[in-house]
Every structure is written in structure tokens, then in C-alpha cells.
Amino acid sequence: MKLVNRYIDKHGAGHVTLRPEDNEDMWHLYNLIAEGDSVRATALRRVQNVSSTGSTESHRVRTQLTIQVSKVEFSPSVAPAQEGGGDQGAAPAASLHISGPVISENQYVRMGAFHTLDIEPNRDIRIEKSDGWDSIARKRVEDAIVPGRGAEVAALVCGEGTAAFCLLSEHMTIVPHRISMSIPRKAASAGTSQHEKGMDKFYATIYESFLRHIPYANPSLRAIVIASPGWIRDSVYDYLLAEALKRNDKNLQKVLREKTLKVHVNSPHVHSLVEVLKSPEVSSQLKEAKFAKEGVALDRFFKMLGSDETRAWYGPDHVRLACERGAVGTLLISDDLFRSSDPATRKKYVEMVEGVQKTGGEVVIFSSMHESGQQLNQITGIAAILTYPLDVEVVEAEEREEAEERRRQEQELAEQRL
């Protein structure tokens with residue numbers, strides 16, 4: 001993402017102009033733009049002209065529109081499984097659609113007309129937030145404009161006849177390609193020739209798809225993970241390396257030898273990426289990567305929940321109580337919660353994050369485009385590992401007593417005024 005222009009005053013008011021370049025930039029914009037914001041971007045509008053004879057002709061014009069956001073829709077790039085192993089070409093692009101009434105009239109569009117902006121790569125978009133730029137929104141901009149980003153890990157999750165190619169970056173997990181092939185079973189009477197032919201075709205398809213969909217020459221790629229149940233991962237690695245030797249592809253040979261990690265998983269499906277990131281082989285090599293930190297933090301939380309539930313809390317109300325008592329050592333929060341259409345709700349979560357940071361706690365913001373983020377969303381999207389034990393029932397009882405005391409004092413004050 002390129003930062004074209006930025007002006008934010010000390011009160012948080014102002015605007016930012018950005019130029020998205022790839023799918024992850026679209027995801028950043030989706031997290032930045034909220035209902036009520038003002039967005040200005042390029043739009044295509046159909047314009048009708050009436051001639052002097054009364055005939056009508058229409059054509060499309062490209063113009064700049066400013067709308068007040070009422071709806072934001074994001075569609076990630078997800079490849080469907082390809083039966084028979086056929087390749088689908090380039091990875092599908094993510095799409096971002098922003099809808100709302102026009103608030104700045106021009107020669108083509110009247111004020112108040114409803115329009116949907118289809119955000120395109122390499123075209124500027126100006127964002128002015130209705131409630132100001134809080135710390136989370138500013139951090140999102142800073143993360144988005146860091147140069148040299150890209151996929152840090154390529155993962156090939158496979159089984160016998162199935163394979164999913166995954167690219168993990170700091171904020172997204174993209175599945176650019178899938179393979180699904182029918183492999184003949186081994187038959188004792190007929191030998192294993194048909195089975196072996198099917199597997200050879202499967203491996204060949206994986207190799208060609210690997211060349212097309214895995215950016216193995218990219219310097220930002222830190223590891224290539226081949227994960228599977230059973231022995232498939234070893235066979236896939238051996239075939240890739242043998243084929244690279246056969247074709248004298250020295251670059252691929254070097255990358256495979258230096259960056260490949262083979263990991264056991266229980267299931268040959270994309271959701272096994274959570275297992276992959278928790279594995280000792282991967283977590284030790286990628287401990288600084290954001291998605292690895294997410295997986296480690298979530299694993300720590302669930303282990304704590306199993307061993308000492310007084311130090312593992314989840315749910316907005318309970319985590320808020322722990323934050324108010326300064327008891328949170330690690331806050332786990334999904335970026336889904338910051339997309340609330342209610343400004344007060346978003347502000348509540350921003351204040352939790354800032355409060356934990358002020359007391360020296362760790363905050364891990366999970367991307368809901370990662371498997372670990374989706375798991376956190378299943379338990380309300382917010383959780384905390386506490387620095388000391390707290391009993392939920394005791395804390396809730398204290399809250400009720402404090403609320404009752406406040407009501408009593410307010411009632412006495414009102415009676416005194418009378």
C-alpha cells in the first residue's frame with residue numbers, strides 16, 4: 001500500500017489517501033473503512049445524453065465520487081478445488097465494494113444518489129473518518145504502508161489426491177489453488193501399477209502448480225511448509241526436488257533444501273494450518289512472524305483454560321472486568337471487533353487495548369483471515385490470559401455490589417435535593 005497523502009490533527013480528525021496494490025491492501029482498507037466514514041475514489045457511471053432529435057444514447061464515464069459509507073463488503077480470493085488437477089491460471093483477486101449516498105455533487109451525479117464504489121488496485125482512495133482516527137486505525141495504516149511486504153510462508157497441505165496451496169502473510173491467508181484428483185486404490189490381484197500411475201500424475205500436477213502459485217524466488221518468503229498425514233509430505237518433497245534436479249532448476253533446488261519444513265498434521269485440509277503454526281519446527285523458525293505469534297498466544301490461552309480457568313477469561317464483559325482490574329497479561333482480540341458499525345462499541349475495544357498496553361500487558365490482534373483468528377472468533381473474538389487468578393463469580397458479585405451502592409448514593413442525593 002502506498003501512502004499518497006495524510007493529515008490527522010491532534011484530536012484525530014483528518015483524512016488519509018492510500019493507493020492499494022494487492023489483495024492484502026484490500027483487506028487493510030476493509031478494516032479501516034467503517035459506516036459513516038467519507039470515502040472518495042474513482043467510479044464508473046453510466047451517463048445518458050438526449051440529442052436535439054430526442055434520441056437517447058448512453059455511455060460510461062470515469063469520475064471521482066465522494067460517498068458517506070453505509071455498507072462495506074469484502075470478498076477474499078479463494079480458489080475452488082480443481083477436479084482432475086487442472087490449473088486455473090492466476091490467483092483470483094480480492095474485491096472490495098463500498099456503498100452509500102453521494103455527498104459531493106458533480107456534473108454526472110446528483111447529491112444523495114446511491115452508489116457502490118468498486119475499489120481497484122493502483123487507484124487512490126481518500127478516507128475521512130466520522131469519529132476520528134483512533135490508535136487502532138492509525139496502527140492499521142502504519143502496518144499497511146510498510147514496504148517489502150508479501151507472503152512470509154508458503155504452505156502445501158496435502159493428502160492422497162488432494163492439495164491446497166496457501167500463502168500466509170502478516171494479515172491474510174490466501175488459498176490461490178487447490179487440487180482434487182481421484183487416485184485408484186491399490187489392488188492386490190492387479191498389483192499397484194494403476195495406483196502408482198495415479199500418484200505420479202498427482203505429484204506432477206503438484207509440481208506444475210507449485211511453480212505457478214508459490215513465489216519461491218521472493219526474498220520475503222521465509223519458509224515452505226509441506227504438511228500432511230502419513231507419508232505424503234515426504235513423497236511430495238522428494239518429487240519436487242527430483243524434478244528440480246531433472247530440469248536443472250538450481251534456484252528451486254536451493255530454496256527447497258534451505259526453506260522446506262515437513263510437518264505432520266491430522267487432516268489434509270486448510271484448517272490444519274493451526275496445527276502447522278503450533279508445530280515446533282515452524283514456531284521456532286517463524287517466532288517473529290505475526291501469524292505465528294497469534295497461534296502461540298491462542299495455544300497458551302487454551303492450555304491455561306484447561307489448567308487454571310481463573311487465569312483464562314473470554315467474552316467482552318468478563319475481559320472488560322479483568323482489564324479494569326489491571327489483571328490482563330495478554331489480550332487476544334480479533335480485528336472483527338473493530339469493524340463494529342456502532343462507534344461506542346468500537347471505542348470500548350480500543351480503550352481495552354490501550355488500557356492493557358498502558359499497564360505493560362501484551363496485545364495480540366488476530367486477523368480473521370487467519371485460521372487462528374477464526375478460532376478466536378468462535379469464542380466471541382476476545383480473550384485474556386491474566387497475570388493473577390480471579391474468580392469470575394466473585395468479581396461479578398463485586399460489580400453488583402458497587403452498582404447497588406452507586407444507585408443508593410444517587411437516590412440519597414436525589415432525596416436531599418428535594
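**Salt bridges and a buried histidine**

Colleague: Which side chain meets Arg325 in a salt bridge?

Modeller: Happy to start there, keeping in mind that this is a predicted model. Side chains of opposite charge can pair when their charged atoms come close. For Arg325 the N to O distance is 3.5 Å, and the salt-bridge partner is Glu398.

Colleague: How many residues apart in sequence are the parts that Glu398 and Arg325 tie together?

Modeller: Glu398 belongs to helix α12 (residues 392–417), while Arg325 sits in the loop between α9 (316–324) and β16 (328–334), so their pairing links parts of the chain separated in sequence by 73 residues.
As for accessibility, Glu398 is partly exposed at 33%, and Arg325 is partly exposed too, at 23%. The separation you asked for is 73 residues.

Colleague: Thanks! Which strand holds Lys262, the partner of Asp234?

Modeller: The side chains of Asp234 and Lys262 form a salt bridge with an N to O distance of 3.5 Å. Asp234 is part of helix α4 (residues 232–246) and its partner is 28 residues away in sequence, so the pair joins that helix to strand β14 (residues 260–264).

Colleague: And is Lys262 buried, partly exposed or exposed?

Modeller: Buried would need a relative accessible area under 20%, and exposed one over 50%. Asp234 has 30% and counts as partly exposed. Lys262 has 35%, so the class is partly exposed.

Colleague: Is Asp335 buried or exposed?

Modeller: Asp335 forms a salt bridge with Arg339, with the closest N and O atoms 3.7 Å apart. The relative accessibility of Asp335 is 1%, so this residue counts as buried.

Colleague: Lastly, with which side chain does the side chain of His370 make a polar contact?

Modeller: His370 is found in the loop between β17 (362–366) and α11 (371–377), and at 2% relative accessibility it counts as buried. Leaving aside neighbours within four places in sequence, the contacts of His370 include Ser169, His171, Phe291 and Glu294. The polar contact, at 3.2 Å, is with the side chain of Glu294.

Terms used:
Residues numbered from 1 in each chain as written. Predicted model: local features only at pLDDT ≥ 70, side-chain atom pairs only at ≥ 80, totals over all residues. Heavy atoms only, no water. Salt bridge = Lys/Arg side-chain N within 4 Å of Asp/Glu carboxyl O. Helix = DSSP H or I, 4+ residues; strand = E, 2+ residues; numbered from the N terminus. Buried < 20%, exposed > 50% of the residue type's maximum accessible area, 1.4 Å probe, protein only. Polar contact = N/O pair within 3.5 Å; in protein donor to acceptor, adjacent residues only side chain to side chain. Contact = heavy atoms within 4.5 Å.
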